[in-house]
Amino acid sequence: MSETLQTTDVAASDADLLAQTAIAVRAAGSALRERFGEVVRYRTRDELMRALAANDDTALDILRPRLTSLRPDAGWVEDELDGGALPPGEWWVVDPAEGNVNHLHALPEWAVTATLVRDNQPVLTAVHLPLTGETYTALTGAGAHVDGRPLHVSPTADLGLSIVATSQARPDENEKVVRRVGSSITAMLLDALVVRTAVPATLHLVNVAAGRIDAFWQFAGARADLLPGALLVTEAGGQISDAEGNPWTPQSESFLAAAPGIHAEAVATLSH
């Protein structure tokens, strides 16, 4: 078989795999939606962690068997807060309840995500927003879509006319990262039109991919909260780097996704 035919077969196989992955995240999202609506009360950190775990387990009980059946030999990233490089081969990087704390507080910003990583490169991703019913998908080399409609990043070329956003990677971030986040927000408040700050990262990144906002940045982070959006933004024509403009990897200490027309300006602002 020629290399061209082999490449075509792999692409077709990955397209089918993405379709099945999208079905899986929608099923998990439906289960989480049934649990949504009332604020979950907790008085201690242990109670909070149990409530978060209950949501995760509800979604994972659906996602794990379905995704494992699709790729039996793929590894499974157990901790959604993990970062850094993965061993060679295929891995499922899943966030069963991205924005879980929002779900517990009856806030609408949460999603279910599943990304297949092959030799440390995201190959496909599906992000489902149960409350809107939208499913965002991306496949390397085949573009990014929402419910089958192509996504394109913003054509803006002026940071001063841009809506930008950031998020915190985790609640217990170290002081150095927290101070860097604060100074970056101040810098963007001076240079951009509007600055949005909220969790989770993925929901900002789908908005960058859709051209609704123009840039997103974050310091630190985990694979599960950045890989889906990184692939969506890249396939929608956006530019990905760290905050200094260097190539981004899961080992990077910062992340920036932007419309190409303002990427350099955003780097300059964040590097001050």
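**Entry 1: Phe-36 and Trp-110**

I looked up Phe-36 and found 23% relative accessibility, so I noted it as partly exposed. My cut-offs: buried is under 20% relative accessible area, exposed is over 50%, and partly exposed lies in between (1.4 Å probe, protein chains only). Trp-110 has 2% relative accessibility, so it counts as buried.

I note that the model is predicted: local features need pLDDT of at least 70, side-chain atom pairs count only at pLDDT 80 or more, and totals for chains, interfaces and linings use all residues. Residues are numbered from 1 along each chain as its sequence is written, and side-chain values use heavy atoms, with hydrogens and water left out.

**Entry 2: aromatic pairs**

A pair of aromatic rings is described by the distance of the centres and the angle of the planes. I used this rule: rings of Phe, Tyr and Trp (its six-membered ring) pair if their centres lie within 6.5 Å. Planes under 30 degrees apart count as stacked, over 60 as edge-to-face, and the rest as tilted. The count came to three aromatic pairs.

Phe-36 and Trp-110 have ring centres 5.4 Å apart and planes at 40°, so I wrote down a tilted pair. This pair links distant parts of the chain, 74 residues apart. Phe-36 sits in the loop between α1 (3–34) and α2 (45–70). Trp-110 sits in the loop between α3 (100–104) and β3 (111–118). Helices here (H or I, at least four residues) and strands (E, at least two) are DSSP runs, numbered from the N terminus.

Next came Phe-216 and Phe-255, also a tilted pair, with 6.2 Å centre to centre and 55° between the planes. Phe-216 lies in strand β10 (residues 215–219) and Phe-255 in strand β12 (residues 254–258), so the pair ties together parts 39 residues apart in sequence. Both Phe-216 and Phe-255 are buried. With Trp-248 they form one aromatic cluster.

**Entry 3: the sheet**

I traced an open sheet of seven strands with mixed pairing, in the order β1-β2-β3-β4-β5-β6-β7. Two strands pair if DSSP finds at least two bridges between them. β1 (75–76) and β7 (149–150) stand at the edges with a single partner strand each, so one side of each has no neighbour in the sheet.

I then checked what packs on the sheet. α2 does, touching β1, β2 and β3; contact means heavy atoms within 4.5 Å. The direction of α2 makes about 155° with that of β2. Axes are lines fitted to C-alpha atoms, for helices over the stretch in contact, and angles run from 0 to 180 degrees between N-to-C directions.

**Entry 4: β3**

Seven of the eight residues of β3 are buried. Strand β2 (residues 90–98) pairs with β3 in the antiparallel sense over seven bridges, and Val-94 stands opposite Ala-114. Seven bridges also join β3 to β4, again antiparallel. Two residues lie between the strands in that hairpin, where Asp-119 takes a positive phi near 50°.

**Entry 5: β5**

How many residues of β5 are buried? I found six of the six (residues 134–139), so β5 is largely enclosed by the rest of the structure. Glu-134, Tyr-136 and Ala-138 cover one side, and Thr-135, Thr-137 and Leu-139 the other.

Strand β4 (residues 121–129) pairs with β5 in the antiparallel sense over six bridges, and Leu-129 stands opposite Glu-134. In their hairpin, Gly-133 takes a positive phi near 85°. Four bridges join β5 to strand β6 (residues 143–146), also antiparallel. There Thr-137 has His-145 as its bridge partner.
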